[in-house]
Amino acid sequence: MTDFRASAQYQTTLAQLTEKLQSDLSLPAVVGISGAQGSGKSTLAAELVAQLKLHDIKAAAVSLDDYYLSKAQRQHLAGQVHPLLAQRGVPGTHDIARAIADAKAVLTGFNVALPQFDKALDEPAAAFAAQRLDLLIVEGWCLGVAAQPKAELTEPVNQLEQREDKDGRWRQFVNSQLAGPYAEYWQLLQPLIWLKAPDWNCVCRWRAQQEQQLWQQRGKGMTPEQLSRFMLPFQRLTLASWQQLPQQPDYTVLLDSRHNIEFSVG
């Protein structure tokens with residue numbers, strides 16, 4: 001996989017975003033980076049943190065993924081609400097109350113111990129040491145996505161919904177989470193940066209490349225068949241993001257099929 005960070009356009013975009021965050025923000029602040037899986041959110045977040053630290057800004061990054069519930073918690077949720085909630089991913093499978101509390105702690109100048117999630121083990125890992133931050137960058141695949149109108153929940157978007165969510169219970173639960181605590185969390189993430197992937201096929205290919213890297217680094221991960229199944233619950237809200245987010249972000253970065261930055265606006 002080509003290192004897209006080496007391109008002149010990426011470095012220019014990084015410099016522009018760093019400058020805007022420095023000049024436009026009143027600290028402390030919590031910034032959001034939204035984008036489909038594999039779009040480069042965590043890479044951009046880490047690069048921005050590094051650049052901001054050079055300007056004496058105490059910055060750190062956390063992923064929405066780091067707030068995933070444990071296997072046991074998701075199994076309990078699956079038993080209480082719907083079996084599909086045993087898999088991490090959709091709204092409702094995060095400790096969103098902790099995410100909200102962490103963001104508010106940063107905004108009010110309190111120390112925060114950011115969480116970590118081990119995807120190879122599918123379990124939370126030990127949190128980082130508590131620290132006071134000037135700026136927290138939160139990256140996540142569905143940041144900013146709003147609850148869908150009930151009419152849009154009627155038709156399944158893929159075979160998973162057709163076969164395993166015939167009555168729409170899972171979709172309705174996820175939607176209720178977006179309308180409730182997740183909407184509250186999104187309001188704390190100002191400004192919002194959106195990395196716009198070209199289409200669903202690209203997203204699946206990029207996510208597969210991430211899984212290959214996980215195998216290389218940890219010797220653990222999903223098989224291609226498992227990954228294909230894993231991606232299906234993410235499809236609905238990823239498609240919804242392309243409908244909803246063009247009007248919302250403060251900064252949009254358009255990506256082409258080769259993961260190069262096609263255009264960036266601010």
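Predicted model: local features only at pLDDT ≥ 70, side-chain atom pairs only at ≥ 80, totals over all residues.
Biologist: Where in the chain is H94 found?
Modeller: Residues are numbered from 1 along each chain as its sequence is written, and side-chain values use heavy atoms, with hydrogens and water left out. Helices (H or I, at least four residues) and strands (E, at least two) are DSSP runs numbered from the N terminus. On that basis, H94 is in the loop between helix 3 (71–80) and helix 4 (96–107).

Biologist: Is H94 buried or exposed?
Modeller: Buried means under 20% relative accessible area, exposed over 50%, and partly exposed in between (1.4 Å probe, protein chains only). H94 has 5% relative accessibility, so the residue counts as buried.

Biologist: Which residue's side chain makes a polar contact with that of H94?
Modeller: Leaving aside neighbours within four places in sequence, H94 is in contact (heavy atoms within 4.5 Å) with residues including L64, Y67, Y68 and Y182. A polar contact is a pair of N or O atoms within 3.5 Å; within protein, one must be able to donate a hydrogen and the other to accept it, and residues adjacent in sequence count only if both atoms are side-chain atoms. At 2.7 Å, such a contact joins the side chain of H94 to that of Y182.

Biologist: How many residues apart are W141 and F234, which form an aromatic pair?
Modeller: Rings of Phe, Tyr and Trp (its six-membered ring) pair if their centres lie within 6.5 Å, with planes under 30 degrees apart stacked, over 60 edge-to-face and the rest tilted. W141 and F234 are edge-to-face, at 4.8 Å centre to centre and 70° between the planes. W141 lies in the loop between strand 5 (135–140) and helix 5 (159–164), F234 lies in helix 9 (residues 224–244), and the two are 93 residues apart.

Biologist: Which residues form an aromatic cluster with W141?
Modeller: W141 is buried at 5% relative accessibility, and F234 is buried at 2%. The cluster with W141 is made up of F230 and F234.

Biologist: Within what arc do the buried residues of helix 1 fall?
Modeller: The buried residues of helix 1 (residues 8–24) are Y10, T13, L14, L17, T18 and L21. On the other side, A8, E19 and S23 are exposed. The arc is that of the directions from the helix axis to the C-beta atoms. The buried residues line one face of helix 1 because, seen down its axis, they fall within an arc of 135°.
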